Amino acid sequence: ATRPFKNQKSIWDRKWARTKYMGWQDIDKAKDILKYSSMPGTSRHHWGTDIDLNALENSYFETEEGTEVYDFLERCGSELGFAQVYTNKSSGRTGYEEEKWHWSYMPVSSVMLDAYNILITYEDIEGFDGSAIADSIKIIDTFVNGIDK
């Protein structure tokens with residue numbers, strides 16, 4: 001479940017360098033990547049409280065097997081302390097698109113989110129391409145805190 005800064009940076013840098021983004025403005029490139037990937041320093045995976053299950057595609061959870069897994073998680077996840085924090089956005093949730101595969105261990109992640117909001121500022125989000133726009137896209141407000149609580 002844990003994904004250190006270096007690993008998240010590798011994911012981000014690989015996506016940032018995609019040829020499809022040639023000619024894009026940095027803010028548009030970042031917003032497109034942010035549909036499903038966190039900026040380094042902003043990922044809940046850094047905390048070791050969040051896990052990705054089975055497939056990184058919502059379509060998997062529409063298959064027969066995926067539906068069984070998802071139904072189980074929805075039915076029993078909370079009893080075990082887990083919640084899907086990136087639900088659909090129909091309730092007004094901001095940030096990342098829905099991720100049926102991403103589940104968070106809430107007894108610890110809620111404490112970590114509170115600490116993150118106290119300790120981390122936009123000045124702390126640095127060291128990778130696109131970090132200069134973290135403040136202008138409100139990465140902390142919109143994405144880090146854009147969860148279904």
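Two strands pair if DSSP finds at least two bridges between them. The exercises below apply this to a predicted model.

**Exercise 1. Which strands does E3 pair with, and how do they run?**

Solution. 
- Step 1: Take strand E1, residues 50-52, and strand E3, residues 102-105; three bridges join them.
- Step 2: Take strand E2, residues 82-83; two bridges join E2 to E3.
- Step 3: Apply the cut-off of at least two bridges. E1 therefore pairs with E3, and E2 pairs with E3 too.
- Step 4: Read the directions. E1 and E3 run antiparallel, and E2 and E3 run antiparallel.

**Exercise 2. Find the residue of E3 that is the bridge partner of Ala-83, and the one that stands opposite Asp-50.**

Solution. 
- Step 1: The bridge partner of Ala-83 in E3 is Ser-104.
- Step 2: Opposite Asp-50 stands Ser-104.

**Exercise 3. Describe the largest nonpolar core and the elements that build it.**

Solution. 
- Step 1: This core has 24 residues. Trp-12, Ala-30, Leu-34, Met-39, Ile-125 and Ile-139 have the most contacts inside it.
- Step 2: Two or more residues each come from helix H1 (5-16), helix H2 (26-33), helix H4 (106-119) and helix H5 (139-144).
- Step 3: H5 gives the most, with four residues.
- Step 4: A second, separate core has seven residues, including Ala-55, Tyr-70, Trp-101 and Trp-103.

**Exercise 4. Is Ser-131 buried or exposed, and what is it in contact with beyond its neighbours within four places in sequence?**

Solution. 
- Step 1: Ser-131 lies in the loop between H4 and H5.
- Step 2: Its relative accessible area is 15%. Buried means under 20%, so Ser-131 is buried.
- Step 3: Leaving aside neighbours within four places in sequence, Ser-131 is in contact with Ile-125 and Glu-126.
- Step 4: Turn to Ile-125. With the neighbours within four places in sequence again left out, the contacts of Ile-125 include Ser-131, Met-39, Tyr-116 and Ile-139.

Terms used: Residues are numbered from 1 along each chain as its sequence is written. This is a predicted model: local features need pLDDT of at least 70, side-chain atom pairs count only at pLDDT 80 or more; totals for chains, interfaces and linings use all residues. Side-chain values use heavy atoms; hydrogens and water are left out. A nonpolar core is a set of buried Ala, Val, Leu, Ile, Met, Phe, Trp, Tyr and Cys residues joined through side-chain atoms within 4.5 Å. Buried means under 20% relative accessible area, exposed over 50%, partly exposed in between (1.4 Å probe, protein chains only). Contact means heavy atoms within 4.5 Å.
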